[in-house]
Amino acid sequence: MQKKSVYEIITSRVIKSLEQGVVPWKKPWSGESVPSNFVTKRAYSGLNLFLLNANSFCSRYYLTFLQVSELGGRIKKNEHATPIVFWKIFEKQNSGEEKNEIEKMP
């Protein structure tokens, strides 16, 4: 069986929400409803904000598997992870004549 890509997983989640009559992008995006990491208190942004708000959890806080383990917790049997898309902007050195120039990559 071929492993699903991140795009396929996200698309199937959106379609499932729509089939259940929930329009995931019509959620409140402000105030205390902003999904955040429990340990770092950092709010999720971009596509992750959309994906996490599409869930129907009563808490806005999320943890990684490693963070749960480090805090002494355990994941319930048969629980499934919520996919998160990691992204960051990085700088790449140009290999052209002017090596001091830095190019920003999306």
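Reply: Let's start with touching: contact means heavy atoms within 4.5 Å. With that in hand, Leucine 71 touches Phe38, Val39 and Leu63, leaving aside residues up to four places away in sequence. Keep in mind that this is a predicted model.

Me: Where is leucine 71 found, and how far from valine 39 is it in sequence and in space?

Reply: Leucine 71 is in the loop between H3 and strand E3 (90–93). Leucine 71 and valine 39 are 32 residues apart in sequence, with 9.4 Å between them in space, C-alpha to C-alpha.

Me: What makes leucine 71 buried or exposed?

Reply: Its relative accessible area is 56%. Exposed means over 50%, so leucine 71 is exposed.

Me: And serine 17, what makes that one buried or exposed?

Reply: Serine 17 has a relative accessible area of 11%. Buried means under 20%, so serine 17 is buried. This serine lies in helix H1, and serine 17 touches Val22, Pro24 and Ala54, again not counting residues up to four places away in sequence.

Me: What do we call arginine 60, with a relative accessible area of 25%?

Reply: Buried needs under 20% and exposed needs over 50%, with partly exposed in between. At 25%, arginine 60 is therefore partly exposed. You'll find arginine 60 in the loop between H2 and E2. Its C-alpha atom and that of serine 33 are separated by 6.0 Å, though the two are 27 residues apart along the chain.

Me: How much of the protein chain counts as buried?

Reply: Of its 106 residues, 19% count as buried.

Me: Why do tyrosine 44 and tyrosine 62 form an aromatic pair, and what kind is it?

Reply: Ring centres have to lie within 6.5 Å, and these two are 6.3 Å apart, centre to centre. For the kind, planes over 60 degrees apart count as edge-to-face. Here there are 90° between the planes, and the pair is edge-to-face. Both tyrosine 44 and tyrosine 62 are buried.

Me: What does that pair tie together?

Reply: Tyrosine 44 is in the loop between strand E1 (36–37) and H2, while tyrosine 62 is in strand E2, so the pair ties together parts that are 18 residues apart in sequence. The structure holds 3 aromatic pairs, and ring pairs link Tyr44, Phe57 and Tyr62 into a cluster.

Me: How do you know that lysine 41 has its charged end over the ring of phenylalanine 38?

Reply: One part of the test is a distance within 6 Å of the ring centre. The charged end of lysine 41 is 4.3 Å from the centre of the phenylalanine 38 ring and sits over that ring. The charged end of lysine 41 also sits over the ring of tyrosine 61, 5.4 Å from its centre.

Me: Now the largest pocket. What is its volume, and which residues are closest to its centre?

Reply: The largest pocket has a volume of about 1500 Å³. It is lined by 42 residues, and the closest to its centre are Leu52, Phe57, Tyr62, Ala81 and Thr82.

Me: How do the lining residues divide, and which element gives the most?

Reply: They divide into 22 nonpolar, 13 polar and 7 charged. H1 gives the most to the lining, with 5 residues.

Definitions and conventions
Residues are numbered from 1 along each chain as its sequence is written. This is a predicted model: local features need pLDDT of at least 70, side-chain atom pairs count only at pLDDT 80 or more; totals for chains, interfaces and linings use all residues. Side-chain values use heavy atoms; hydrogens and water are left out. On a 1 Å grid over the protein atoms alone, a cavity is a set of points where a 1.4 Å probe fits but cannot get out, and a pocket is an open set with protein on both sides within 12 Å along at least five of seven lines; lining residues have an atom within 4 Å of a point. Grid points are joined across faces, edges and corners, and a volume is the space filled by probe spheres set on the points. Helices (H or I, at least four residues) and strands (E, at least two) are DSSP runs, numbered from the N terminus. Ala, Val, Leu, Ile, Met, Phe, Trp, Tyr, Cys and Pro count as nonpolar, Asp, Glu, Lys and Arg as charged, and the others, Gly among them, as polar. Rings of Phe, Tyr and Trp (its six-membered ring) pair if their centres lie within 6.5 Å; planes under 30 degrees apart count as stacked, over 60 as edge-to-face and the rest as tilted. Buried means under 20% relative accessible area, exposed over 50%, partly exposed in between (1.4 Å probe, protein chains only). A charge sits over a ring if NZ of Lys or CZ of Arg is within 6 Å of the ring centre and within 35 degrees of the ring normal.
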